[in-house]
Amino acid sequence: MFADNGAVIRIEGLSKYYQMGDTTVRALDGVDLSVKSGEMLSIMGPSGCGKTTTLRMLAGLEEPSEGEIQLDGERINNVTVSERDTPMVWQSLALFPFLNVIKNVEFGLKMRGVPATERRRRALDWLERLEIAEFADREISQLSGGQQQRVALARSLVTEPRILLLDEPLSALDANLVVRMQGVLTKLQKELGITFVYVTHRQSEAFAMSDRVAIMNEGKIEQIDSAKGIYRNPATRFVAEFVGANNILTGTVIATDGEIEIDTPAGRFNCVESSDHNWSIGDTTSLVISADLIRLSTSAVNDKNEMECRFISEEFVGSIVTVLAETPDGADFRIQLQQRELSELDLTVGSTVYVRWDSHDAHLLRDTV
C-alpha cells in the first residue's frame with residue numbers, strides 16, 4: 001500500500017483516435033486526470049463518452065494516440081498489462097468456466113509462480129473475506145450472479161494490487177444485490193487502502209461509494225469533484241442536465257447589487273452566488289435549481305423566487321414523488337416531494353400551483369451551451 005497521500009495515477013493530455021474510413025473518431029480528447037493514493041474515483045458519463053476507453057488505457061489494453069499515463073511518477077504508456085499490476089474487474093466478470101471457484105481465484109498467483117500451497121491459502125483467505133469460502137470447490141455455473149461477482153473480485157484482489165480498475169462491475173446484478181455489493185466494495189476499499197478507479201453509469205453507485213466523481217462527455221472531463229459538489233454545484237450545463245433532477249432557467253443578468261438577478265422567459269429570479277466570478281449586467285447565464293430544494297403550494301406568497309405554474313403529472317417512486325409542472329413559457333419544471341406532502345395538496349391535472357426556492361439554493365452556470 002502507498003504511504004504517500006499524493007497522486008498515484010497521473011494522466012496528462014491523453015487522447016485516443018480511431019480511423020474509420022476517411023473519418024477520424026476521437027474517443028478521448030486531451031484528458032487530464034490525477035487519482036490519489038487510496039482514493040476511490042468514479043467515472044460517469046453517457047455511452048460513448050470515453051470512460052471505458054480511459055480505463056482500458058490505464059489497464060494497458062489500449063495504447064494512447066497522444067498524451068502520457070504515469071504510475072508513481074513513471075511513464076507507463078508502453079508497459080505491458082502483466083507488468084502494470086492494475087487488474088480490471090469486467091462487467092462480464094470474465095471468469096473461466098472450465099475452472100472451479102478456487103482455481104479461478106488462484107489463477108493470477110499461478111501465473112506469477114506462487115507455489116500451490118501458498119496459492120490455495122491466499123485464495124481461501126480472500127474467499128473468506130468475501131463470504132464465499134463455502135463455494136470454493138463449486139463450478140462457476142453453479143453460482144448466482146452476486147456470488148460470481150465476488151469470485152471476480154477475489155481473483156483481482158488476491159494478488160494484492162495497489163490499484164484496481166472496475167468497469168461497471170455491478171450492472172448485471174439485481175437492485176438488492178447492487179446495494180449489498182456496494183457495501184462490500186466500499187468496506188474492502190477503505191480497509192485495504194487500495195486505489196479504485198470505477199466506471200459506472202449509475203449515479204447512485206458513484207455518489208454512494210466514491211471520494212470523487214469525474215463526469216465525462218464526448219471524450220473530455222466536464223467536472224471532477226465530490227458527489228455533493230457535483231450535485232449542488234455543477235460546473236457546466238451538461239453536468240447540470242446529466243446529474244440529478246435539475247431545473248435550468250436561462251436568461252440575462254439584470255442586477256448584481258447584493259443578489260444577482262436574472263431575467264428569464266419564465267420570470268425574474270435571484271441568486272446568491274458565493275464564488276469569486278464577477279457577473280456583469282447583460283451577461284447570459286443559466287440558473288440551476290435542484291428539484292429537491294423547491295417548495296410547492298397552491299397559493300402565492302409573493303416571494304422573489306416564486307413562479308406560477310400548471311400541474312402536469314406526478315411520478316411515484318416510493319416515498320418520494322417527482323411532480324412535473326409547466327412554467328409560464330411552456331417549459332417543464334420538476335419538484336421532488338415526500339408522498340405525504342403531495343397528498344396534502346390534493347392536486348388535479350391542469351390546476352395552478354406555485355413553486356418557490358431560496359436564493360442561496362440556486363446556482364449560476366459559467367457556460368450556457
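Trainee: What volume does the largest pocket have?
Mentor: About 600 Å³. A pocket here is an open set of points on a 1 Å grid over the protein atoms alone, where a 1.4 Å probe fits, with protein on both sides within 12 Å along at least five of seven lines. Its volume is the space filled by probe spheres set on the points, with points joined across faces, edges and corners. This is a predicted model: local features need pLDDT of at least 70, side-chain atom pairs count only at pLDDT 80 or more, and totals for chains, interfaces and linings use all residues. Residues are numbered from 1 along each chain as its sequence is written, and side-chain values use heavy atoms, with hydrogens and water left out.

Trainee: Which residues lie nearest the centre of the largest pocket?
Mentor: V81, P87, M88, F107 and G108. The lining has 18 residues; lining means an atom within 4 Å of a point.

Trainee: Which helix gives the most to that lining?
Mentor: Helix 3, with three residues. Helix 2 (81–84), helix 3 (101–111) and helix 5 (145–157) each supply at least two. Helices are DSSP runs of H or I, at least four residues, numbered from the N terminus.

Trainee: And by class, what is in the lining?
Mentor: There are 10 nonpolar, five polar and three charged residues. Nonpolar covers Ala, Val, Leu, Ile, Met, Phe, Trp, Tyr, Cys and Pro; charged covers Asp, Glu, Lys and Arg; the others, Gly among them, are polar.

Trainee: New topic. Why is helix 1 called largely enclosed?
Mentor: Seven of its nine residues (51–59) are buried, so the rest of the structure largely encloses helix 1. Buried means under 20% relative accessible area, exposed over 50%, partly exposed in between (1.4 Å probe, protein chains only). K51 is one of the buried residues, and so is M57.

Trainee: What follows helix 1?
Mentor: G60, with a positive phi near 90°.

Trainee: Is C271 buried or exposed?
Mentor: Buried, because its relative accessibility is 0%. C49 is buried too, at 1%.

Trainee: Where is K190?
Mentor: In helix 6 (residues 175–192). K190 counts as partly exposed, at 46% relative accessibility.

Trainee: Which side chain does K190 have a polar contact with?
Mentor: That of Q189, at 3.4 Å. A polar contact is a pair of N or O atoms within 3.5 Å; within protein, one must be able to donate a hydrogen and the other to accept it, and residues adjacent in sequence count only if both atoms are side-chain atoms.
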